[in-house]
Amino acid sequence: MLFWILVATLTAAVAAVLLLPLLRAAAGAEAPQSHDVEVYRDQLEELMRDEKNGLISGENAEFARAEVARRLLAATDAVKAAGPVQPARRSNRLAQIAIVLVLPAIGLCLYLRTGNPDLPDAPLAARLANPGDDINFLIARAEQQLVANPEDGAGWDVLAPIYYRSGRIEDAAAAFRNALRILGPTPARLGGYAESLIALSGGLITNEAQEALRKSLTIEPNDPRAQFYLALALKQEGKAPEALAAFQEIVKASPADAPWLPLVNEHIASLKADGAAASGEQAGTALGNPTADDVAAAQTMNAGDRNTMIEGMVASLAEKLKNDPKNFDGWMRIIRSYSVLGQKDKAAEALKQGLSAFPAEGEQGKQLLALAGELGLTADGGVK
Amino acid sequence: MIIELGHYALVLALGVSILQAIMPVFGAARADRALMEIGTVAAKATFLLVALSFGVLTYAHVTSDFSVQNVWENSHSQIPLIYKFSGVWGNHEGSMLLWMLILTFFSALVAVFGDNLPDTLKANVLAVQAWIASAFSLFILLTSNPFNRLVDVPGEGRDLNPVLQDIGLAIHPPLLYLGYVGFSVCFSFAVAALIEGRIDAAWARWVRPWTLAAWTCLTAGIAMGSYWAYYELGWGGWWFWDPVENASFIPWLAGTALLHSALVMEKREALKIWTVLLAILTFSMSLLGTFLVRSGVLTSVHAFATDPTRGVFILVILILFIGGAFSLFAFRAAHLKAGGLFAPISREGALVLNNLILTTAAATVLTGTLYPLVLEALTGAKISVGAPFFNMTFGLLMLPLLLAVPFGPLLAWKRGDLLGAGQRLFAAVAIGLAAGCAIYYAQHGGPIMALAGLVLGAYMIAGSLTELFLRSGIGKVAGSVALRRLAGLPRSVFGTALAHIGLGVTLIGIVAVTAFETEHIVEMKPGMTTDAGGYTLRFDGLRDGKGPNYTEQSGHFTVMRAGVIVTEMWSSKRLYTARRMPTTEAGIKTFGSSQLYVSLGDGMADGGVVVRIWWKPMILCIWGGALVMMMGGAVSLSDRRLRIGAPSRAKKQKRPVLEPAQ
């Protein structure tokens with residue numbers, strides 16, 4: 001309400017200011033030529049001063065004086081010829097109406113079209129003082145504290161997984177790194193750090209990530225996450241038999257109802273299938289999987305190129321799945337890829353389409369759901 | 001609520017502008033002072049409204065109100081306060097609002113200080129200003145609204161473009177806009193004169209201060225931009241003939257021509273029609289520059305956003321204003337009375353030469369800038385017109401102009417004596433030769449053209465001083481008299497001399513740095529040394545650092561001369577975290593007017609780093625000269641006679657302000 005009062009006051013004030021000249025008694029304008037006369041007189045005076053100060057020679061001054069005097073005469077004649085200007089006695093009613101109407105009309109029409117009168121201001125300081133349950137603000141607040149005290153390891157510990165979940169992978173990696181530096185290694189931190197590095201490289205398990213994972217295994221030898229990623233690394237490097245052995249090792253060590261088993265089994269199945277096929281690469285390429293060459297190439301690329309390459313592969317896979325939705329491995333891969341690329345909404349969309357091809361009641365549908373659970377996706381398009 | 005109030009103020013400003021665009025014109029046609037008076041009041045009101053709006057946007061940026069889309073896109077809660085301020089105009093929407101602010105500021109200045117203008121002229125000038133203001137505020141509100149809001153308020157902004165996070169950006173655009181938009185006043189005066197069908201005797205006097213002010217700001221803006229590109233982009237160059245640079249340089253050339261022809265018009269009533277045309281042309285070039293930069297036709301750091309509707313909108317504005325003004329000119333020019341006569345060899349003649357060359361130069365640069373665009377639009381072929389074209393054409397055009405510069409002020413009005421002026425310049429030529437050779441030998445070697453260039457530069461400086469010597473009579477009359485006369489010279493004479501000296505200084509800088517600069521690209525490991533410009537640089541290693549919103553890697557260099565440590569310098573690469581964007585922060589050390597410039601490249605696998613080292617002899621002369629030119633502009637502007645401009649209206653008052661001007 002206060003806003004509209006202010007708007008009305010502002011409009012009225014501006015209109016009043018504009019109306020003032022119209023309400024004054026109208027005086028006639030003077031002939032424009034009378035100004036010229038003044039100017040030439042002024043020029044003559046200036047000339048005299050210049051001559052007196054020795055800035056212009058007597059001869060030149062005489063020339064100039066003659067010239068200005070000629071113009072002065074002509075201008076004086078023109079003023080006489082023009083005669084006195086009659087003051088306009090016409091009423092300005094129309095102009096007054098225009099001012100009173102045009103300002104509010106333009107102001108309101110255009111403002112209501114483009115403005116958001118109900119939206120309150122939101123200066124950062126005020127929002128930080130009263131953050132509510134807004135995740136953005138929990139992050140912002142923690143960040144401000146960490147700027148003031150960057151050695152607060154617990155702060156980094158809290159922030160790192162939040163960064164990771166909200167897609168700020170690079171910040172997550174930095175935060176995990178800080179937490180590791182200040183508070184020392186734990187499997188959770190090392191695993192989180194490795195996962196952010198993997199996400200940063202678009203799903204590839206880099207040497208740095210492997211190093212962190214191995215370190216994690218020295219502390220907690222039965223950490224399935226570390227084991228899984230290291231096995232996946234072997235698969236990515238094209239060492240199929242070693243990878244198969246490593247995955248089977250995980251299955252042996254895991255309880256029978258472990259949530260990650262379907263995913264591990266999927267890898268075992270695909271590795272076995274690859275082994276059975278005459279050429280492992282063919283099956284891989286058919287699904288848009290990076291070949292060993294691709295991986296080697298990816299390792300020499302910079303992060304930007306690598307992401308482009310991965311996005312390209314994902315796009316071609318999506319195209320294939322559109323034409324042939326009965327490709328279970330394809331769905332598993334694309335859901336994982338999207339969530340690695342941080343595109344959670346696309347991942348959820350792919351999950352939905354995958355489930356329509358493989359109903360949730362079936363074995364394969366269950367595997368899709370298990371994967372979704374692991375990645376924090378729900379089938380109705382949301383993110384858990 | 002504050003944000004929305006700022007938004008509404010902008011809408012209201014459009015409303016007032018529309019009234020200001022229409023009513024004073026009717027008032028002038030009907031000799032109705034009340035209607036004309038609306039122009040004055042409305043101009044002040046529009047300025048206050050736009051200032052309110054701009055203030056609100058600034059407030060939103062400073063308080064990091066991310067509910068404003070513009071703030072979210074171009075700010076960050078952690079950047080230093082100064083970049084929260086400069087971020088207001090470091091983006092398309094905000095910079096257009098700044099454009100509006102300056103435009104309405106100039107209108108308000110005309111309204112406040114225009115009391116001695118004839119009523120009809122003032123009314124028409126303010127109306128034309130309002131046409132421009134209406135068009136641009138409509139453009140802002142419909143296509144580039146800085147007050148767009150976000151309902152789902154983000155927690156953090158996307159940060160200001162890192163290359164724009166620099167003190168140079170805080171100054172460069174406002175100065176440039178003051179120049180661009182300042183010429184709008186000249187344009188409005190020209191169009192107003194055409195509407196009335198007559199040019200007042202004092203027209204040139206009223207236009208000249210605006211031209212001077214705009215020109216001074218534009219000079220400063222271009223020099224600032226050039227220096228900013230030099231130290232921020234890390235390429236070591238100071239002028240690239242980049243289309244965006246040209247877009248600001250073309251109005252400068254046209255404006256310089258306008259400045260000189262307005263001088264002829266003021267003193268001699270000659271070149272009236274030409275001056276009016278130039279005033280229109282200069283602002284048209286400013287508009288064209290705005291179009292090129294804002295439409296996204298050019299992709300560069302300046303094209304903040306590429307949105308075709310904006311381009312089309314500005315193109316329509318461009319066609320309306322430039323086309324309209326030229327049509328009006330075509331209709332009315334024949335009715336205007338031509339001015340006084342003069343012999344070819346005279347001050348007027350020299351200024352005509354100046355105008356011819358400057359406008360040709362502006363046309364050349366314009367052609368070089370537009371030709372690739374037009375060709376691409378018509379045939380799809382991509383060509384680039386680069387430095388060789390401009391250096392060849394523009395350089396050759398400038399040569400006779402630079403030679404003639406010292407002659408101009410020495411020639412008499414109406415009919416001059418070329419031989420006499422030449423004789424008087426004899427000393428200047430001699431000094432120029434001696435000084436040019438001296439610099440040449442100090443820098444050792446270099447192409448022979450460089451010698452000619454240096455001589456030319458030194459000759460221009462000496463020639464400009466000759467004018468002051470001769471007019472004060474130093475050597476002819478007693479010392480004290482000469483000193484008194486020198487002090488008594490009109491400020492505009494000093495302004496002329498300073499501006500011309502500045503041009504000479506810039507020329508020397510350009511020639512010296514082009515001919516004598518050295519460049520080394522080496523891979524350095526800690527402990528290695530490289531020689532540049534007589535100094536030895538030792539690379540000491542890299543260090544990681546962290547700023548408020550970036551991380552950086554800085555290389556440390558020790559600078560030695562003949563084995564003795566002179567100074568040390570840092571050169572760094574930064575990575576701005578929010579945008580993941582790298583920038584180089586070149587290390588620059590100044591020795592006299594020369595600089596050592598070190599830029600870090602990529603790191604190598606073996607721990608070395610690629611380092612580019614330039615020795616830039618006398619490079620500071622380029623911008624130092626521009627500073628001197630600006631001082632010339634400012635001194636001229638302070639000339640009292642110019643400031644008064646016209647006689648005071650009341651005849652009874654014996655002009656209290658007109659006490660002896662010198």
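Author: Start with B:W241. This residue is buried, with a relative accessible area of 11%. It counts as buried because the cut-off is under 20% relative accessible area. Keep in mind that this is a predicted model.

Where does B:W241 lie? Its place is the loop between α8 (203-232) and α9 (243-268) of chain B. Its backbone deserves a look too. B:W241 has a positive phi of about 50°, although it is not a glycine.

B:S64 is found in the loop between α2 and α3 (69-74) of chain B. At 2% relative accessibility, B:S64 counts as buried.

Back to rings. The structure holds 35 aromatic pairs over all chains. One of them is formed by B:F47 and B:F105, and this pair is tilted. The centres are 5.6 Å apart, with 50° between the planes. The pair links distant parts of the chain, 58 residues apart. B:F47 is in helix α2 (residues 33-62) of chain B, and B:F105 is in helix α5 (residues 92-113) of chain B. Buried or partly exposed? B:F47 is partly exposed, with a relative accessible area of 21%. B:F105 counts as partly exposed as well, at 33% relative accessibility.

Next come B:Y177 and B:Y180, which form a stacked pair. Here the distance is 6.4 Å centre to centre, and the planes are 20° apart. Both residues lie in helix α7 (residues 167-196) of chain B. They are 3 residues apart, about one turn of the helix. B:Y177 and B:Y180 are both buried.

Rings can also sit under charges. The charged end of B:R543 sits over the ring of B:W570, 4.3 Å from its centre. Likewise, the charged end of B:R561 sits over the ring of B:Y535, 4.6 Å from its centre.

Finish with B:N124. Its place is in helix α6 (residues 119-143) of chain B. At 3% relative accessibility, B:N124 counts as buried. What does B:N124 touch, not counting residues up to four places away in sequence? Its contacts are B:V25, B:A28, B:A192, B:I195 and B:E196.

How values were computed. Residues are numbered from 1 along each chain as its sequence is written. Chains are lettered from A and ligands numbered from 1 in the order in which they are written. This is a predicted model: local features need pLDDT of at least 70, side-chain atom pairs count only at pLDDT 80 or more; totals for chains, interfaces and linings use all residues. Side-chain values use heavy atoms; hydrogens and water are left out. Helices (H or I, at least four residues) and strands (E, at least two) are DSSP runs, numbered from the N terminus. Buried means under 20% relative accessible area, exposed over 50%, partly exposed in between (1.4 Å probe, protein chains only). Contact means heavy atoms within 4.5 Å. Rings of Phe, Tyr and Trp (its six-membered ring) pair if their centres lie within 6.5 Å; planes under 30 degrees apart count as stacked, over 60 as edge-to-face and the rest as tilted. A charge sits over a ring if NZ of Lys or CZ of Arg is within 6 Å of the ring centre and within 35 degrees of the ring normal.
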